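Please keep the structure open while reading.

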Amino acid sequence: MISSSVALTDVPLALTFFGREFALYRGDSGKVVLMDAFCPHMGTHIAKNTTSYVVIDGQIEGDSIRCPYHAWRFGPDGKCNDIPYHDGPIPEAACIKTWPVQERYGCIYMWHDPEGGEPDYDLPDLPEWASPEWVNWEIDELGELVSHPLEIIDNIVDISHLGPIHGSTLEYFENEFRGHIAIQRQGGGHKTLVSGDALLETDTWYTGPGILLSRVTGLYDAIMYITHTPVQDGVVRAWHGLMVRPGGAQPTEADIVQSRQYQEASKLAFLQDFEVWSAKQPAFQILQLKGDGPYHKARQWYGQFYHPREDAAAIHKQVDGTYTVKWMPAAPQAVAAAGKY
Ligand code: FES
Ligand SMILES: [Fe+2]
């Protein structure tokens, strides 16, 4: 994820991810376009200007965008399609690299591939988003975190932090890896997200390295969303959301208010992890005990997104499977069988 949909107004956004600068804008047709930030003419940042008359008069024309400096205009394919003071053919090199983007679930996603390939898996499928029974999330901007994304990934297998950090009283826990998907199934009591002896059950999965969803059964049925994207080495940016099914055919005003409160409680639970990450040293090596979750497998799994694509199959061979720890039962079979990822 690189932006929420609401953050992308009619003003282009200057973004930094993967150590690279981008310009993100929405064309008049609604199309979202992501391109490298710098103009091939003289290197101007396309999306970091407020005083040029190009910007004051409106930089976006149809689905094209004009550079603030000399008003060259670039189409959604990145090709320059107008230079106001030049007749004759526009040079081929007058082109900015564009990146594949998709807008879904109130979010904008890019496919960042150093090998230049097309996406080799889809965004997660979330049929609940279109269902009238659900109150959809409004994305929380969690900002930047000075941490390596690996520290966040460790969380998917981190059974032994659930009690100390989140106040869970676990009853079952297991992990499974399947290709580009990493799954955690757990159930237990929880101090803030359920009341009394009720069980909070979560079926949580990563689709690729940055998008985490969790089907939650507790006070309400809910779907938690946490996404993080590397900004540069040692910095990530994160977002959070929570969809809730209050129980009726159509949520009432009161249901919506309550759903927002539930999202807030979910965010606070996640920020308990955030506080640790924001102040910890990097754990290049974990002093891993048998009772800890399978960090080594999670990290191997994560490695597939940082190696040449042709190595992925070998990594899957080493990692795919289900993992449990001795001191905690595995997920009930019915829970595992019900998973949709
Ligand atoms: S630098 Fe962009 S048009 Fe000149
Ligand atoms: Fe956590």
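1. Basis of the note. This is a predicted model, in which local features need pLDDT of at least 70 and side-chain atom pairs count only at pLDDT 80 or more, while totals for chains, interfaces and linings use all residues. Residues are numbered from 1 along each chain as its sequence is written, chains are lettered from A and ligands numbered from 1 in the order in which they are written, and side-chain values use heavy atoms, with hydrogens and water left out.

2. Domains. The protein chain is assigned domain 1 (3-110) and domain 2 (129-338); such bounds come from an automatic or database domain assignment. Taken over C-alpha atoms, the centres of domain 1 and domain 2 are 34 Å apart.

3. The interface. Contact (heavy atoms within 4.5 Å) joins 12 residues of domain 1 to 12 residues of domain 2. The buried area between domain 1 and domain 2 is about 960 Å², with 70% of it on carbon and sulfur atoms. Buried area here is the accessible area (1.4 Å probe) that two parts lose on being put together, summed over both.

4. Polar pairs across the interface. Between domain 1 and domain 2 there are 0 salt bridges, a salt bridge being a side-chain nitrogen of Lys or Arg within 4 Å of a carboxyl oxygen of Asp or Glu. The rule does find 5 residue pairs in polar contact across this interface, both residues at pLDDT 80 or more. A polar contact is a pair of N or O atoms within 3.5 Å; within protein, one must be able to donate a hydrogen and the other to accept it, and residues adjacent in sequence count only if both atoms are side-chain atoms.

5. The domain 1 side. Strands β1 (3-4), β2 (13-17) and β11 (107-110) each supply at least two residues of the side of domain 1 that touches domain 2. Of these, β2 gives the most, with 3 residues. Helices (H or I, at least four residues) and strands (E, at least two) are DSSP runs, numbered from the N terminus.

6. Salt bridges. Side chains of opposite charge can pair when their charged atoms come close. The whole structure has 20 salt bridges. One of them joins D154 and R299, at 2.8 Å from N to O. D154 lies in the loop between α2 (149-153) and α3 (162-166) and R299 in helix α5 (residues 295-303), so the pair ties together parts 145 residues apart in sequence. D154 is buried, at 6% relative accessible area, and R299 is buried at 17%. Buried means under 20% relative accessible area, exposed over 50%, and partly exposed in between (1.4 Å probe, protein chains only).

7. Further charged pairs. In helix α4 (residues 253-279), K267 and E264 lie 3 residues apart, about one turn of the helix, and their closest N and O atoms are 3.6 Å apart in a salt bridge. K267 is buried at 17%, and E264 is partly exposed at 36%. Elsewhere, E61, R66, R73 and D82 are linked in a network of salt bridges.

8. Positive phi angles. Most residues other than glycine have a negative phi. A71 has a positive phi near 70° and sits in the loop between β6 (64-66) and β7 (73-74). Y105, also not a glycine, has a positive phi of about 55°. Y105 is in the loop between β10 (101-104) and β11, and is buried at 7% relative accessibility.
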